[in-house]
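Please follow the chain through its loops, strands, cores and ligand shell, keeping the sequence and the coordinates side by side as you read.

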Amino acid sequence: MLRGDLSDADMEQYVQERVITTTLDRAANWARGNSLFPATFGLACCAIEMMSVVGARLDIARFGFEAFRASPRQADLLILSGRVSIKMAPIVRRIYDQMLDPKYAIAMGACSSSMGVFNNYAIVPADKFLPVDVHVPGCPPRPEALMHGILKLRSMVHSDPSMGWRERYGAERTVEVLPDEGEELLRSSTEEPAGA
Ligand code: SF4
């Protein structure tokens, strides 16, 4: 377009229709929220429902989430699709710790959210051993419900990357904390700041 081709008002409208301004943080969150890589990981019956979200009917590839990764080091979303036993919890936590930061977790189904029908000593809810961002209710949740949970997570990533819980629980970083370090962290987080 040559200078003078548009009058001032038309030029104003031309620019408004074609130029987007944003911040680097917002652009990074937009990209991050639209390219979640779930870990290829299933725990129980809910996993069958989870698998179907990559099929033609729901097709999460539409949103950029289809690349289920076989290595936690290439994944940033852990879908806990089923019940977690106390024996299994440290292994699940280890997988979560090996994932890329920033990373997210979805508790899919009643079992991983609240122990479900297995209300006994062997099962543990996911919140007890890792920070869960979204809970999807149901037994099992339909694939549409999981899709809804994933899209909820996407909107949380877009609008507020810290998502509240990281600050509430002092959960920045997710390195494993040894017992003596844990006590020290707890003490420092509960101490009154100087001059308060
Ligand atoms: S919530 Fe229901 S479907 Fe999912 S793992 Fe538990 S028993 Fe199975």
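Met-115 is found in the loop between helix 5 (109-114) and strand 3, and its backbone has a positive phi of about 75° although the residue is not a glycine. Most residues other than glycine have a negative phi, and most peptide bonds are trans. With a relative accessibility of 19%, Met-115 counts as buried, because the limit for that class is under 20%. This is a predicted model, and every value quoted here should be read with that in mind.

Asp-59 is another residue other than glycine with a positive phi, in this case near 55°. Asp-59 belongs to the loop between helix 3 and strand 1, and its relative accessible area of 27% makes it partly exposed.

The bond that joins Asp-101 and Pro-102 is cis, with omega at about -5°, and Pro-102 sits in the loop between helix 4 and strand 2. A cis peptide bond also joins Cys-139 and Pro-140, where omega is about -10°, and Pro-140 is part of the loop between strand 3 and helix 6.

Of its 196 residues, 35% count as buried. Among contacts between residues at least 6 apart in sequence, 78% join residues at least 24 apart.

In soluble globular proteins, nonpolar side chains tend to be buried together. The largest nonpolar core here has 20 residues, of which Leu-77, Ile-79, Ile-106, Leu-146 and Leu-153 touch the most other members. At least two residues of this core come from each of helix 3 (46-51), strand 1 (77-81), strand 2 (104-108), strand 3 (134-136) and helix 6 (143-159), and helix 6 gives the most, with 5 residues. Leaving aside residues up to four places away in sequence, Ile-106 touches Leu-77, Leu-78, Ile-79, Leu-80, Val-132, Val-134, Val-136, Leu-146, Gly-149, Ile-150 and Leu-153. A second, separate core is made of 18 residues, including Val-84, Ile-95, Tyr-96 and Met-99.

Charged side chains give a further view of the model. Side chains of opposite charge can pair when their charged atoms come close. Across the whole structure, a search finds 4 salt bridges. One of them links Arg-93 and Asp-97, with an N to O distance of 3.1 Å; these two residues are 4 residues apart in helix 4 (residues 89-98) and therefore separated by about one helical turn. Both Arg-93 and Asp-97 are buried. Arg-18, in turn, forms a salt bridge with Glu-17, where the closest N and O atoms are 3.3 Å apart, and Glu-17 is exposed, with a relative accessible area of 54%.

A salt bridge also brings together the side chains of Arg-142 and Glu-144, at 3.2 Å from N to O. Arg-142 counts as exposed at 51% relative accessibility, whereas Glu-144 counts as partly exposed at 28%. Through salt bridges that share partners, Arg-57, Arg-142 and Glu-144 are joined into one network.

Which residues surround the ligand? They are Ala-44, Cys-45, Cys-46, Gly-82, Arg-83, Ala-110, Cys-111, Phe-118, Gly-138, Cys-139 and Pro-140, and by class this shell has 8 nonpolar, 2 polar and 1 charged residues. Cys-139 and Pro-140, which are among these surrounding residues, are also the two joined by the cis peptide bond with omega at about -10°.

Definitions and conventions:
Residues numbered from 1 in each chain as written. Predicted model: local features only at pLDDT ≥ 70, side-chain atom pairs only at ≥ 80, totals over all residues. Heavy atoms only, no water. Near = heavy atom within 4 Å. Nonpolar A, V, L, I, M, F, W, Y, C, P; charged D, E, K, R; others polar. Buried < 20%, exposed > 50% of the residue type's maximum accessible area, 1.4 Å probe, protein only. Core = buried A, V, L, I, M, F, W, Y, C linked by side-chain atoms within 4.5 Å. Contact = heavy atoms within 4.5 Å.
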